[in-house]
Amino acid sequence: MSTSTRSAPPPGTRHPLAKPRHGPARPVVRRGWGRALRRDWQLYSLAVLPLLFFLVFRYLPMIGNVIAFRRFEPGGSILGERWVGLRYVRMFLTDPTFWQVFRNTLWLGGLTLVFCFPIPIVLALLLNEVRRRSLKRFVQSISYLPHFLSMVIVAGITLQMLATDGPVNHVLTWIGHEPVRFIQEPGWFRTIYVGSEIWQTAGWGTILYLAALTTIDEDLYEAARIDGASRWRQIWHVTLPGIRPTMITLLILNIGTFMAVGFEKVLLLYNPLTYPTADVVSTYLYRTGVESNSFSYAAAIGLFEAVIGLVLITSANLLSRRSVGTSLW
């Protein structure tokens, strides 16, 4: 009786049915937060102060929003005396003064976004075309300087320049025009605010765009020149797409602060005569909350403003991610 037997493979060779091996298995090393913290504690310690700042001045004050639904009395409980529900919400929704300042906020926020957002981009593109380093540095220094001035100084310069006996009216008188009451006329306030905002922030805003321009590959410009593209074509097809992520990110951040029109500058520039166009939500909150002691009413308006800002920045981020593929989160 014959039996069939399978011969074993020679020593040192792999069986043909065996699974291939790709080298010895390496243990998976899992590095936890504790180990990383012990190793790089010096770097993590640098984040302690910023985290404390946001905790104390950004997150803990959010607890105070509860007084928008409670009656707050000075000298009483810090979280209010008793629940009143949506009473203060209904009050400002039916208040004509609130809707007037709300429209003023939309106007100033929209004009600031339309004019102050693209000007740093244009200035950065112009500076990028300057070949003389001395001239480029001089223009940068002059344009950056207003950013380092305090808001009080900026407002003081603006008021002095546009005063009835100021330099601007002196020039108007010299050319035969009657002096204009810029500071007292409500129709001039938006122009004054947006103009001073451009003067103060345009130069500083170019820093991020100039930094983004340095990351564009020079080979792209060389290829565009070989294809016969002019300088305008190179800017349109190479430069602007190269800084588009930075533009989108800053646009989303600006939209998020759309409702938070500069409180300090408006407070320093406006007066009772210009309230019809100058009074915004933040200054209205200051007058009703601090000066009139209506803290619960002001908290309800501030919470409404914060919700609108959250909706704006979330919508802008979602639209940007779906349209151009760039977003903050």
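This is a predicted model: local features need pLDDT of at least 70, side-chain atom pairs count only at pLDDT 80 or more; totals for chains, interfaces and linings use all residues.
**View 1. The largest nonpolar core.** This core holds 19 residues, of which Phe92, Phe98, Phe102, Val281, Tyr284, Tyr297 and Ile301 touch the most other members. Two or more residues each come from α4 (87-93), α5 (96-116), α16 (281-291) and α17 (295-323). The greatest contribution, six residues, is that of α17. A second, separate core comprises 18 residues, among them Ala124, Leu210, Ala212 and Met247.

**View 2. Surroundings of Phe92.** Phe92 is buried, because its relative accessibility is 1%. Beyond neighbours within four places in sequence, Phe92 is in contact with Phe98, Trp99, Tyr297, Ala300, Ile301 and Phe304. Ring pairs join Phe92, Phe98, Trp99, Phe102 and Phe304 into a cluster.

**View 3. Two tilted aromatic pairs.** The count of aromatic pairs comes to 16. In one of them, the ring centres of Phe53 and Phe57 lie 5.3 Å apart with planes at 40 degrees, so the pair is tilted. Phe53 and Phe57 are about one helical turn apart because four residues separate their positions in helix α3 (residues 48-59). Phe53 is partly exposed, at 38% relative accessibility. Phe92 and Phe304 also form a tilted pair, with 5.3 Å centre to centre and 50 degrees between the planes. This pair links distant parts of the chain, as Phe92 in helix α4 and Phe304 in helix α17 are 212 residues apart. Phe304 is partly exposed, with a relative accessible area of 25%.

**View 4. Charged ends over tyrosine rings.** The charged end of Lys265 lies over the ring of Tyr193, 5.8 Å from the ring centre. Over the ring of Tyr275 sits the charged end of Arg287, 4.6 Å from the centre.

Terms used: Residues are numbered from 1 along each chain as its sequence is written. Side-chain values use heavy atoms; hydrogens and water are left out. A nonpolar core is a set of buried Ala, Val, Leu, Ile, Met, Phe, Trp, Tyr and Cys residues joined through side-chain atoms within 4.5 Å. Buried means under 20% relative accessible area, exposed over 50%, partly exposed in between (1.4 Å probe, protein chains only). Contact means heavy atoms within 4.5 Å. Rings of Phe, Tyr and Trp (its six-membered ring) pair if their centres lie within 6.5 Å; planes under 30 degrees apart count as stacked, over 60 as edge-to-face and the rest as tilted. A charge sits over a ring if NZ of Lys or CZ of Arg is within 6 Å of the ring centre and within 35 degrees of the ring normal.
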